[in-house]
Amino acid sequence: MKLSFIKPRAVIAAAIGALWLTHALADDLDAMSRDDKQWVMPAKNYASTRFSGLDQINAANAGHLGVAWSFSVGSNHGQEAAPIVVGDTMYVVGAYPNEAFALDAVTGELKWKYSPRVDPSSQGIACCDVVNRGEVYDNGKIFFNTLDNHTVGLDAKTGKEIWVAKLGDISRGQTLTMAPLAVKGKILVGNSGGEMGVRGWLTALDENSGKIVWRAYSVGPDKDVLIGPKFHPYYKDAQGKDLGMKTWPPGRWQIGGGPVWGWISYDPKTNLIIYGTGNPGPWNSNERPGDNLWTTTIFARDADTGEAVWGDVLNPHDLYDYDEINENILIDLPINGQMKPVIVHPGRDGFMFVIDRKTGQIYSADKYDNQTSMKSFDLKTGRPVMNDAMKPILGKNVTGICPASPGVKDWQPTAYSPVTHLLYIPHQHLCMNFQTSEVGYIAGTPYVGATEDIYAGPGGYRGEFAAWDPIKRQKVWAIHEKFPVWTGTMVTAGNIAAYGTLDRWFKIVDARNGKLLYRFHAPSGFVGQPITYQGKDGNQYIAILDGVGGWPGAIANAEIDPRVRNAAGGFAGAVGDLPAYTSGGSTLLVFALPHQQENAHAN
Amino acid sequence: MRIEALVPLLLLALLPAAAGAGELRVCSDPNNLPFSNRAGQGFENKIAALVARDLGDTLKYTFAAQHETFLKRTLHAHRCDVTMGVPVGMEGVEETRPYYASSYVFVSRKSDGLRLTSLTDPRLRTLKIGVHLIGGDDAPPELALGKQGIVDNVRGFLIQGDYSRPNPPARLIEAVENKSIDIAAVWGPLGGYFAKHSPVALSVMPMTDTAGFKPLVFRFAIAMGVRKGDNALREHLDSVIAKERLAIRNILDAYGVPLVKIREASNG
């Protein structure tokens with residue numbers, strides 16, 4: 001199978017060399033992303049494959065890896081960010097207070113540091129630890145978000161602040177945690193805070209000024225959702241006028257959620273950006289009858305104007321907190337004997353969706369882990385077939401709902417190898433019981449809520465690192481892990497795949513069969529995203545941020561607040577033994593083969 | 001011997017704050033009347049002052065918004081030792097004995113003469129109703145209305161609302177005042193206090209006919225909360241609560257808090 005995004009590297013490397021001399025020419029980020037010496041955006045490339053053509057470190061020698069250098073980002077919260085590498089510099093941003101650093105990618109020498117003044121009260125707003133998922137580079141600038149709703153543009157060489165744009169308000173429950181994407185001179189940013197009555201949006205900023213170019217809301221009238229004449233949804237339930245209002249009780253869309261806190265992909269051929277929206281909120285589901293569009297929806301939009309082109313509502317009237325903000329991998333797959341440009345979307349709801357990139361038609365939706373809340377996915381209607389026995393009803397104990405609220409897979413991104421033709425999936429393996437028991441109290445209002453008691457799925461393990469064949473539509477191999485696998489992953493032409501565990505192991509496995517090749521016991525549990533690059537010394541490196549946290553890991557880096565339903569009765573309960581394995585951390589780890597470690601020290 | 005000299009100090013630092021130790025460290029919301037604010041104008045502030053006086057302690061506040069991570073950032077982070085209002089039965093904290101109980105209430109304009117108390121009153125199908133939205137979990141009236149299919153005429157007001165404005169939960173009562181809704185279904189202390197200070201005459205009626213909505217509860221007993229295992233402090237607080245029953249009641253009355261009998265609150 002030939003994949004369009006793999007191009008000769010040398011040409012691009014030369015082009016980048018020229019660009020480092022002058023900023024007069026605009027960078028071609030798409031071309032830069034194909035240069036495997038670098039890793040210029042968290043997803044590696046616009047297709048979000050997180051695949052590198054480097055093979056110096058490979059299945060034969062990965063066992064000899066060791067730590068070349070390390071660096072502390074200084075605050076012990078969940079470190080979910082992907083480091084990025086542009087030229088000979090590595091850029092990394094920590095969890096709150098979101099300090100950003102530039103380091104020599106070979107020696108680890110600190111080039112500059114930028115400390116934003118982040119409003120400390122934003123910590124109390126974020127639902128699931130104070131994470132940040134990374135930075136992005138374009139045209140000599142570094143862009144990232146701070147928890148208190150600012151997007152920052154820095155000079156990549158000096159760390160000097162070029163602009164700061166305020167996009168939301170913590171006093172209204174909004175935060176920013178996602179990594180932006182740079183597309184054609186625009187920085188795309190989405191908000192977090194679905195449970196706080198936030199109205200979800202994706203915003204495009206001018207990368208030179210930080211000014212808002214367009215904003216597409218996830219709920220509300222068509223004009224706010226940027227639905228117009230270009231919009232041609234494939235399925236009936238997405239066809240009609242102002243469905244972002246009409247699928248809600250009157251006015252309820254105004255605080256309807258659908259935040260955009262996950263990943264955005266870009267298809268240069270069709271000029272479409274593709275991303276998913278979060279769950280509806282903040283009402284109990286029986287107070288929001290209707291499909292609640294456009295929450296839990298995959299959107300394809302024109303990258304220049306933000307106009308919607310198609311939209312698939314994956315979990316209409318979501319009952320389980322199944323956000324669909326997960327990554328969308330753009331590859332070509334044989335569909336009925338014909339190669340088609342598709343999106344592979346490993347759904348939070350447990351279905352592996354294969355979707356036509358141009359039309360939104362869903363070709364297949366296979367369960368990729370234990371799933372009881374939905375019987376199947378109807379490809380004709382584009383809707384899940386719900387299992388009514390698993391419907392959470394207050395006053396009724398419902399047991400064995402799988403997956404639990406964090407889904408089969410949450411934000412932690414997968415990787416696709418055009419060498420093995422496999423998709424690598426870090427994910428959780430959790431079910432839940434829904435019980436009415438908890439007396440709670442927030443800001444002076446008592447209530448009786450439901451407890452989600454989350455526990456290991458069948459087999460007794462809570463996480464898995466799996467390889468999935470998207471052509472045969474089946475799991476090829478899987479490694480069971482004690483805890484949910486909450487890191488991203490990456491895969492290389494050297495047939496190695498990398499991930500980390502909450503109980504502090506960084507692991508390299510053989511991408512062909514899952515055989516463990518190397519593991520390192522790190523200071524803290526992992527929730528980060530591994531990357532790889534080639535330094536100016538000619539050697540290949542692998543980097544990942546270490547520091548436990550995020551939704552499952554917050555129990556280990558701080559005492560969990562029992563008022564948070566999903567923490568106290570839910571995820572915290574599922575990983576209650578985690579503090580016996582790890583405490584918080586904040587370390588960037590860079591791995592290399594032995595001779596490379598020496599080089600790093602000599603420099 | 002420098003190290004030896006340090007030992008007693010360290011031991012002191014590890015001991016839980018107790019009566020007579022000098023400080024009563026309380027975590028409070030700086031912007032949430034009638035409960036508390038930074039200026040000390042809430043009834044929880046007054047009761048905390050009463051407790052501190054009785055224990056011979058000076059009162060020291062750590063202020064933090066009562067969002068979902070409030071306890072994590074305050075009590076459990078050892079930034080204070082007491083939080084003044086927790087419903088009996090809440091997990092994760094050690095409770096004192098309850099010092100008051102209140103009920104969810106309906107707040108409407110007196111001039112409308114609704115006198116509505118029943119959660120099953122048919123007029124609720126047509127009146128414009130306001131409820132507080134919490135996010136993640138739900139206040140009982142919202143769920144009870146939803147169970148009856150009363151949806152389209154219900155408007156949600158975020159309890160955390162716009163925190164840059166004073167007392168965010170007050171927006172719900174203001175909506176009754178300015179007639180954008182007809183009736184608010186709200187937790188008693190909020191409804192009672194804001195109705196008392198309203199420029200418009202408002203009626204505050206405790207909810208009735210709630211039994212059919214079990215397991216939902218509409219009357220809650222409220223206690224003070226300390227960290228689990230902090231029994232010494234809990235016992236001191238319990239003795240103050242027993243001794244000052246009348247003074248506490250007077251404070252709550254002054255704030256218009258609709259009180260119900262503690263033993264009739266169903267959350268215990």
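**A loop glycine in chain A**

Helices and strands here are DSSP runs, a helix having at least four residues and a strand at least two, and they are numbered from the N terminus. The model is predicted. In chain A, A:G290 lies in the loop that runs between β16 (272-276) and β17 (297-302).

A residue counts as buried with 20 or more other C-beta atoms within 10 Å of its own, and as exposed with 12 or fewer. A:G290 has 17 C-beta neighbours inside 10 Å and therefore counts as partly exposed. Leaving aside residues up to four places away in sequence, A:G290 touches A:T247, A:W248, A:P249 and A:H317. One of these, A:P249, is 41 residues from A:G290 along the chain, and their C-alpha atoms are separated by 7.5 Å.

**A four-stranded sheet in chain A**

Chain A contains an open sheet of four strands, paired antiparallel in the order β11-β12-β13-β14. The edges are β11 (181-183) and β14 (212-217); each has a single partner strand, so one side of each is left without a neighbour in the sheet. From one strand to the next, the twist averages 20 degrees.

Within chain A, β12 (residues 186-190) and β13 (residues 201-206) form an antiparallel pair over five bridges. The bridge partner of A:I187 in β13(A) is A:L205.

**Two packed helices in chain B**

Two packed helices are described by the angle between their axes and the distance between the axes. For α2 (residues 43-55) and α7 (residues 231-243) of chain B, the angle is about 110 degrees and the axes are 10 Å apart. Angles of 65 to 115 degrees count as roughly perpendicular, so α2(B) and α7(B) are roughly perpendicular to each other.

From α2(B), the residues B:V51, B:D54 and B:L55 meet B:H236, B:L237, B:V240 and B:K243 of α7(B). Sorted by class, this contact has four nonpolar, one polar and two charged residues.

**The nonpolar core**

In soluble globular proteins, nonpolar side chains tend to be buried together. The largest nonpolar core in this model has 265 residues, and A:I84 and B:V107 have the most contacts inside it. Not counting residues up to four places away in sequence, B:V107 touches B:I173, B:V176, B:I183, B:A184, B:V186, B:G191, B:A195, B:L202 and B:V204.

**The contact between chains A and B**

Across the two chains, 45 residues of chain A are in contact with 55 residues of chain B. On the chain A side, β28 (430-442), β29 (445-456) and α6 (565-574) each supply at least two residues. β28(A) gives the most to this side, with six residues. By class, the side of chain A that touches chain B has 21 nonpolar, 16 polar and eight charged residues.

Notes. Residues numbered from 1 in each chain as written. Chains lettered and ligands numbered in written order. Predicted model: local features only at pLDDT ≥ 70, side-chain atom pairs only at ≥ 80, totals over all residues. Pairing = 2+ DSSP bridges. Axes fitted to C-alpha atoms, helices over the stretch in contact; angles between N-to-C directions. Contact = placed C-beta atoms within 7 Å. Nonpolar A, V, L, I, M, F, W, Y, C, P; charged D, E, K, R; others polar. Parallel < 35°, antiparallel > 145°, perpendicular 65-115°, else oblique. Core = buried A, V, L, I, M, F, W, Y, C linked by C-beta atoms within 7 Å.
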